Amino acid sequence: MTGCSAVRLGYSQGHELAYWWLDGYVDFTAEQSPAVRDALRGWFAWHRATQLPEYAELLRDAQQQVLQPAQPEQVCRWADALQQRAQVAIEQALPWLAELVIALTPAQLAHLEQRLAKGNAEFRAQFLPDDAAARQRAQLERMRARLENVYGRLDRAQRERLAQAMAASPADPERWYAERLQRQQDLLATLRAVQALPAAERTPQRVQPMLAALAQRVTTSPRAAYREHEQRVRRFNCELIARVHNDTTPAQRERAAARLRGWEDDARVLVAVNGT
């Protein structure tokens, strides 16, 4: 493991980690497991060969941009680029996900519903404490940790300015949590609709468009009020990240460039390993 970064190690075992994560929600049978493992290996092989080179190029470009002042529009463009690549990854997964969904049993759907409920309780305990001040402090600490992962330690004045900026955030955790619950109900309803299909219609060709529609509703909420809220939060976050970046020192930007260069190296090494 000498010289092997956590990113490289984690990605190399991604298909196994993804299997165990899915299994925790679905509880695969002995008959289902081999097909799921094969599908995940295939998806990761595709992702490594086709998507990691694109991420490497994005990271290479970012190393130059991070040394310069930033505009909110530029930050939003980066967020859009990542979202577009996530959408491509979802579309690539749809064929084997359709096969998986067709094979699910009523008992597995019940297990999934119970696991989602457990996860929601854990989420509320961790991210939505009743104490509003504690909740705000926790959100601030999570943001600071993400920023310091890239730029290195923020000084006291930078931390204070970050806290002041985040105090004006339009983000509403309760509203986000309510949307999370509705998306989960949409997921369960879609899976039950698949099971309710006549056996002759329960085919990948019939099910895949149902999953694609579900993925679209997850990406873009069908609820107009939430979409408007989400856009406000997005604009604020782009402005916040640009403001924080422009508040960093030359040394912090150099550290960010080095961090991005390390991630680029990780991506290129993983691609090269796949080709050997």
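In this report a helix is a DSSP run of H or I that holds at least four residues, and helices are numbered from the N terminus. The structure described is a predicted model.

## Two positions described by distance

Pro250 belongs to helix α12, which covers residues 250–275. Since exposed means over 50% relative accessible area, Pro250, with a value of 66%, is exposed. Pro250 and Ala199 are 51 residues apart along the chain, and a distance of 63 Å separates their C-alpha atoms.

A second pair of positions involves Ala178, a residue of helix α9. Ala178 is partly exposed, its relative accessible area being 36%. In sequence Ala178 and Tyr226 are 48 residues apart, and in space their C-alpha atoms are 10.0 Å apart.

## Helix α10 and its buried side

Helix α10 consists of 16 residues, 204–219. From the first C-alpha to the last, α10 reaches 22 Å, close to the 22 Å expected at 1.5 Å a residue. The buried residues of this helix are Val207, Met210, Leu211, Leu214 and Ala215. These residues lie on the same side of α10 because they cover an arc of only 140 degrees around the axis. Their packing partners are α5 (72–103) and α9 (173–196).

## Nonpolar cores

The largest nonpolar core has 33 residues, and Phe28, Leu40, Trp43, Trp96 and Val207 touch the most other members. Two or more residues of this core come from each of α2, α3, α5, α6 (106–127), α9 and α10. Helix α5 gives the largest share, seven residues. Another core, of 17 residues, lies apart from this one; its members include Ala62, Met143, Ala256 and Ala257.

When its neighbours within four places in sequence are left aside, Leu40 is in contact with His15, Ala18, Tyr19, Leu22 and Trp96.

## Salt bridges

Side chains of opposite charge can pair when their charged atoms come close. In the whole structure, a search finds 21 salt bridges. Three of them are set out below.

| Salt bridge | Closest N and O atoms |
|---|---|
| Glu16 and Arg37 | 2.8 Å |
| Arg60 and Asp61 | 3.7 Å |

The salt bridge of Glu16 with Arg37, at 2.8 Å, links distant parts of the chain, with Glu16 in helix α2 (residues 14–26) and Arg37 in helix α3 (residues 33–50), 21 residues apart.

## Aromatic pairs

A search of the whole structure finds nine aromatic pairs. In one of them, the rings of Tyr11 and Phe44 have centres 5.7 Å apart and planes at 70 degrees, so the pair is edge-to-face. Tyr11 is in helix α1 (residues 6–12) and Phe44 is in helix α3, so this pair ties together parts that are 33 residues apart in sequence. Tyr11 is buried, with a relative accessible area of 15%, and Phe44 is buried, with a value of 16%.

Phe123 and Tyr177 form a stacked aromatic pair, with 6.0 Å from centre to centre and 10 degrees between the planes. This pair also links distant parts of the chain: Phe123 is in helix α6 and Tyr177 in helix α9, 54 residues apart. Both Phe123 and Tyr177 are buried.

Ring pairs also build a cluster, which links Tyr11, Trp43, Phe44 and Trp46. Trp43 is also one of the residues that touch the most other members of the largest nonpolar core.

Methods:
Residues numbered from 1 in each chain as written. Predicted model: local features only at pLDDT ≥ 70, side-chain atom pairs only at ≥ 80, totals over all residues. Heavy atoms only, no water. Expected span 1.5 Å × (residues − 1). Buried < 20%, exposed > 50% of the residue type's maximum accessible area, 1.4 Å probe, protein only. Arc of directions from axis to C-beta. Contact = heavy atoms within 4.5 Å. Salt bridge = Lys/Arg side-chain N within 4 Å of Asp/Glu carboxyl O. Core = buried A, V, L, I, M, F, W, Y, C linked by side-chain atoms within 4.5 Å. Phe/Tyr/Trp six-rings, centres within 6.5 Å; stacked < 30°, edge-to-face > 60°.
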